[in-house]
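Please open the model in your viewer and keep the selection tool at hand. The tour below moves from stop to stop, saying at each one what to select and what is there.

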Amino acid sequence: MERVIGIDLGTTNSCVAVMENGSPTVIPNRGGYKTTPSMMAITEAGKKLVGHIAKRQAITNAENTVFAAKRLIGRKFSSPQVKNAIATSAYRIVEGPHGDVRIQLRGKTFGVAEISAMILQEMKVIAEDYLGGTVQKAVITVPAYFNDNQRQATKDAGAIAGLDVIRIINEPTAAALAYGFGKDLERTVAVYDLGGGTFDISILEIGAHGVFRVVATAGDTFLGGEDFDARVIDWLVEGFQQEHGIDLRQDRMALQRLKDAAEKAKCELSATRETEINLPFIISSGRNEALHLQRVISRETLEALCSDLVERTVDIVRQTLEDAQLGKEDIEEVILVGGMTRMPRIQESVSEFFGREPCKGVHPDEVVALGAAIQGSALMDTKTEMVLLDVTPHTLGILTQGGNFRGIIPQNTTVPTSRSEIFTTSRDNQTAVKILVMQGEHEKGDQNELLGEFVLTGLRKAPKGQVEIDVNFEINADGIVSVSAKDMETGQQQAIQVTASSGLTQQELKQMIDAAQGEMLERRASEDTEATKQEAQRLIAEIDRLFPQVEQIVASSDFGRDATEKARGILSKARAAVQSGNTAQIKEHLDALGRTARMFRGVVQKTP
């Protein structure tokens, strides 16, 4: 059976997992870490860096290091969330040709899906190195409250990374899959998922024989650890401005140092009551005097700065339970997911709300990737009995007279599903009607997301309200939305399959896929060259180390002198090949180096 990897594409960190011997396993990266920073950078020399190596140089290369790209993926440039990101990011965020978001690094413009693709490609490489073969198929997780455009942009990122994304699933759902996997459970659980950039709450019923049914889901795609960091940054900036009259936000390198320090302090305060933030030489004054930032922050201060953020999550949980017509007492287990749930105040707030201690049996950073791997395996194995019944996170409907939004498929409806509603013409003698398909929860249409539009023509001329039109919405198991409109009198019909947009055209997407494939081939060739060179250098060093002993042992033998002379020739040619950097030539000499090293080892080992 073809291997499928599960990827948690996170705002702050990403994680990849795979099923091994019937159990989900997180795959460590080359540094041995089980999560990889979701960061990408371009150096002055034009080299692309991803993960830990990108994070390490973020302060000195702040304008060309991208973090939290997930918060921008699939969004319109005009959205308030993007305006917020522009104000707090050291890198440049610009408007794309289709009203989408683009990122400028060293004079080149990238789509957000393209940036995310580099992180997904790193996850793919980590998995391939671990499994010892090519990986094509993947299940990628997204926040439950992502809309169709954000989901499509994530799929596009997977395609650019060279992955066949066989399913996009919600992060809380993936966490519940991992929680219930291999256990004979029947219970109602709440998954509270607060990560680096997003918040989700999902209520699921885990039934017998591996049935997972999502009852309700809600969230905020711009509420997470980044916002907690921002509160600490504001606190530091305001204190520094009061003391020195300088706004540190105006200096990109200082802003990146503040972000790094705020994140570290926040994490430390989960284990200690207070910590010191010390940033020497943060900026120069107008008199060219180096200024330092040094402040002590306590856990109580952090909690006070972020109390409204914590309360926002609780309010969303409260509303979600009401929508699901459930009480707190109906929840039998609370699962905490995401790095921010390590914050003591968040754990306390969740415990206070539900009246029970959260489950400690899942790893908040790894459980989502594990669930994605479980889902991927289940999709490939027809014998698996696991059934996942998810819901649509947003209401789907159409724009009506007066710019109002009329929902047809309500939020939290189990998919697949279909719904119909009868509408009438709004003007006398109207012969055509434009159907605008929208997604969202606002009564006003302009506050929701436009998914697509089409026109039904050939209507009979009649006074307004007399011609009836049947509008039908259908969502399949993969979340694809199809909408049709039919004239009830004549049977005339028009339909559209709603294709969400990431802001990239098909031509742009193809160019990005081709470019990424070319870069991957170059990367693999470079890695092969480096590995070959290192192996040759290792063998040369071993032979050099053994040479004096071998010469001494075989000094009295003509055969021995011939062998050492031959070894000198092999060493000379191999050194020249390594010096030239010619991989083909180095490979030609590897066998001879290996034979020589084995012979030298044998001579030394046989001598008493």
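Begin by selecting arginine 406 and glutamate 421, which form a salt bridge whose closest N and O atoms are 2.4 Å apart (a salt bridge being a side-chain nitrogen of Lys or Arg within 4 Å of a carboxyl oxygen of Asp or Glu). The pair links distant parts of the chain, with arginine 406 in strand S21 (residues 404-409) and glutamate 421 in strand S22 (residues 417-424), 15 residues apart; helices (H or I, at least four residues) and strands (E, at least two) are DSSP runs, numbered from the N terminus. This is a predicted model, in which local features need pLDDT of at least 70 and side-chain atom pairs count only at pLDDT 80 or more, while totals for chains, interfaces and linings use all residues. Residues are numbered from 1 along each chain as its sequence is written, and side-chain values use heavy atoms, with hydrogens and water left out. Arginine 406 is partly exposed, at a relative accessible area of 41% (buried means under 20% relative accessible area, exposed over 50%, and partly exposed in between, with a 1.4 Å probe and protein chains only).

Next, select aspartate 544 and arginine 575, a salt bridge with its closest N and O atoms 2.4 Å apart. Here aspartate 544 lies in helix H11 (residues 506-553) and arginine 575 in helix H12 (residues 558-580), so that distant parts of the chain, 31 residues apart, are linked. Aspartate 544 is partly exposed at 33% relative accessibility, and arginine 575 is also partly exposed, at 39%.

Then select Glu226, Asp229, Lys259 and Lys266, which are linked in a network of salt bridges; the structure holds 33 salt bridges.

**Helix H9**

Move to helix H9 (residues 344-354), where the buried residues are Pro344, Ile346, Ser349, Val350, Ser351, Phe353 and Phe354. Just after H9, glycine 355 takes a positive phi of about 70 degrees.

**A three-strand sheet**

Finally, select the open sheet of three strands, ordered S6-S5-S7 with antiparallel pairing (two strands pair if DSSP finds at least two bridges between them). Strands S6 (48-50) and S7 (65-66) stand at the edges with a single partner strand each, so one side of each is left without a neighbour in the sheet. Strand S5 (residues 40-42) is joined to S7 by two bridges, and alanine 41 stands opposite threonine 65 in S7.
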